[in-house]
Amino acid sequence: MILRRVARPLIAATFVYGGINVLRNTQSHAKTAEPFLTDAFDKLEGVIPEQVPRDPATLVRIDAAVKIGAGLAFATGKAPRLTSALLLGSLVPTTLAAHSFWTLQDPAEKKKQQIQFLKNAGLAGGLMLAVADTAGKPSVGWRARRAAKDAGHGVEKLGRKAEKRAKKLAKKAEKALPS
């Protein structure tokens, strides 16, 4: 559908551009993300495995790579439901780290960050629609329910056949027995 071919690149452009910008200015983005990351790691102490990097610069680079890779794949229609979910998963912490307007005191800066937060909320809404969009094909859930229903009907049919066969055999056995 032409709508998807136009909408996906428009949504993805923000992520690809943002990811490239992060790679160009990693340290400033890491500095912005550091308080959020420190707080998150403190709250999730013992839950997050030791292998997960804790360095803000490394984490923002990983986030940038996800945004660029998933954004390009989403723009071109490759695994759109998966890539939109990856972009959504990347967008939420980025928004909370960079646009937490509720913590600011300066009215002008607060308004600026609130606008960015709402822009990201709108992107999140578009990505949620993309995650749910099956492009007219049945969803995995529907297919699973249908397969279970078909299997149930097949089992019922086999059960009826087995019951008929058992009755026939019982009648033959009854006839074969001496009276």
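Predicted model: local features only at pLDDT ≥ 70, side-chain atom pairs only at ≥ 80, totals over all residues.
**Entry 1: K43 and its partner**

K43 has a relative accessibility of 64%, so I count it as exposed. I then asked which residue forms a salt bridge with K43. The partner is D39, and the closest N and O atoms are 3.4 Å apart. K43 and D39 are 4 residues apart in helix α2, so about one helical turn separates them. Helix α2 covers 26–43. D39 has a relative accessible area of 39%, so I put it down as partly exposed.

I searched the whole structure for salt bridges and found 7.

I took R160 and E156 to begin with. Their side chains meet in a salt bridge at 3.8 Å, N to O. How accessible is R160? Its relative accessible area is 49%, so R160 is partly exposed. The cut-off matters here, because exposed means over 50%. E156 is partly exposed too, with 46%.

I went on to E163 and K167. Their side chains meet in a salt bridge at 3.9 Å, N to O. I note that a salt bridge needs the nitrogen within 4 Å of the carboxyl oxygen, so this pair qualifies. E163 has 48% relative accessibility and counts as partly exposed. K167 has 52%, so it counts as exposed. I also logged a network: salt bridges that share partners join R4, R8 and D133.

**Entry 2: aromatic pairs**

I asked how many aromatic pairs the structure holds. The count is 3. F101 and W102 form one of them, with centres 5.1 Å apart and 80 degrees between the planes. That pair is edge-to-face. F101 is buried, because its relative accessibility is 17% and buried means under 20%. W102 is partly exposed, with a relative accessible area of 44%.

F101 also pairs with F117. Their ring centres are 5.4 Å apart and their planes stand at 70 degrees, so I class this pair as edge-to-face. Where do the two residues sit? F101 is in the loop between α4 (80–98) and α5 (107–132), while F117 is in helix α5. They are 16 residues apart, and the pair links distant parts of the chain. F117 has a relative accessible area of 22%, so it is partly exposed. I recorded F101, W102 and F117 as one aromatic cluster.

**Entry 3: the largest pocket**

I looked up the volume of the largest pocket. It is about 980 Å³. The lining has 37 residues. Which of them lie closest to the pocket centre? I listed D63, K67, S90, P93 and T94.

I then sorted the lining by helix. α1, α2, α3, α4 and α5 each supply at least two residues. Helix α4 gives the largest share, with 8 residues.

I looked for nonpolar surface and noted a patch of about 580 Å². M1, I2, L3, V6 and L10 make it. M1 lies in the segment before α1, a helix that covers 2–24. Is M1 buried or exposed? Its relative accessibility is 62%, so M1 is exposed.

**Entry 4: backbone at A79**

I checked phi at A79. The angle is positive, about 45 degrees, although A79 is not a glycine. Most residues other than glycine have a negative phi. I located A79 in the loop between α3 and α4. Helix α3 covers 56–75. With a relative accessible area of 41%, A79 counts as partly exposed, because that value falls between the 20% and 50% limits.

Terms used. Residues numbered from 1 in each chain as written. Heavy atoms only, no water. Patch = residues over 30% accessible without salt bridge, like charges linked within 9 Å, V, L, I, M, F, W, Y side chains within 5 Å. Areas by Shrake-Rupley, 256 points an atom, 1.4 Å probe, with all protein chains shown as cover. Buried < 20%, exposed > 50% of the residue type's maximum accessible area, 1.4 Å probe, protein only. Phe/Tyr/Trp six-rings, centres within 6.5 Å; stacked < 30°, edge-to-face > 60°. 1 Å grid on protein atoms, 1.4 Å probe; cavity = no way out; pocket = protein on both sides within 12 Å on 5 of 7 lines; lining within 4 Å. Points joined across faces, edges and corners; volume = space filled by probe spheres on them.
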